[in-house]
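Biologist: Could you walk me through the aromatic rings in this one? I'm new to it.

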Amino acid sequence: MMKIRVLAMMFIAALAFSACSDDDDKDHVKVPEALTQALKTKYPAAGDVDWEQKGSYYVADCMVDGKDLDVWFNAQAEWRLTEIDLNWDNVPGTVQTAFSGSEYATWKRDDIDLLEYPNQPSIYVIEVEKGKTEYQLFYSEEGNLMQTKDVTGKDDTHWPID
C-alpha cells in the first residue's frame with residue numbers, strides 16, 4: 001500500500017512540474033538582421049518587438065504609437081502584411097454603419113483588426129460571437145461587406161495575400 005502512495009505522489013509531482021514548464025519563449029525566434037532592418041525601415045518607432053515564425057513567414061509582434069501590431073515578412077525580408085488591433089472607436093464610420101445594419105449587429109464583437117497589405121486596399125475584420133459560433137466579417141474602408149468566414153473552432157489567423 002505504501003508503494004502505491006509513493007508512486008501516486010511521484011506521478012502527481014511529475015505532472016505538476018511538467019505543467020509548470022516555462023514556455024514564455026516557445027514562439028520566440030532569432031531572426032536574420034535583414035528582417036530586423038526591414039521592420040526598422042517600415043516602422044522606425046517599433047518597440048517591444050518579439051519575433052515568431054508562422055509557416056514560412058516571420059512575424060514581429062510590436063508596439064507602434066501605442067498600437068499593437070503584427071508585422072509579417074517573408075524569408076526575403078519583404079513586408080507582406082500588418083495586422084493592427086483596433087477598438088470600436090477607431091473603426092471608420094462607414095464600417096460601423098454597415099456592421100450596425102447587418103444581421104451580425106446583435107452578435108458580440110470580440111476582436112477588430114485592420115489588415116494592411118503592400119498592394120491591396122486595407123481591410124477591416126470584425127470577429128463576432130454568438131454562443132459557440134464565431135465569424136470573421138471582412139469590410140472594405142467604404143463599408144462593403146466583402147466576405148464572411150466561419151472560424152468556429154478553427155485557426156483564425158490572418159495570413160498574407162501573395
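Biologist: Which residues form one aromatic cluster?
Modeller: Tyr57, Trp72 and Trp159 form one aromatic cluster. This is a predicted model, where local features need pLDDT of at least 70, side-chain atom pairs count only at pLDDT 80 or more, and totals for chains, interfaces and linings use all residues. Residues are numbered from 1 along each chain as its sequence is written, and side-chain values use heavy atoms, with hydrogens and water left out.

Biologist: And how many aromatic pairs are there?
Modeller: The count comes to eight aromatic pairs, where rings of Phe, Tyr and Trp (its six-membered ring) pair if their centres lie within 6.5 Å, and planes under 30 degrees apart count as stacked, over 60 as edge-to-face and the rest as tilted. One of them is the tilted pair of Tyr57 and Trp159, at 6.4 Å centre to centre with 55 degrees between the planes.

Biologist: Are those two buried or exposed?
Modeller: Tyr57 is buried, with a relative accessible area of 10%, whereas Trp159 is partly exposed at 37%; buried means under 20% relative accessible area, exposed over 50%, and partly exposed in between (1.4 Å probe, protein chains only).

Biologist: What about Trp107 and Tyr135?
Modeller: Their ring centres are 5.7 Å apart and the planes stand at 80 degrees, so that pair is edge-to-face. Trp107 counts as buried, at 14% relative accessibility.

Biologist: Switching topic, which residue lies over the face of Trp79?
Modeller: Lys42 does, at 3.8 Å from the ring centre, and Arg109 lies over the face of Trp88 at 3.9 Å. A charge sits over a ring if NZ of Lys or CZ of Arg is within 6 Å of the ring centre and within 35 degrees of the ring normal.
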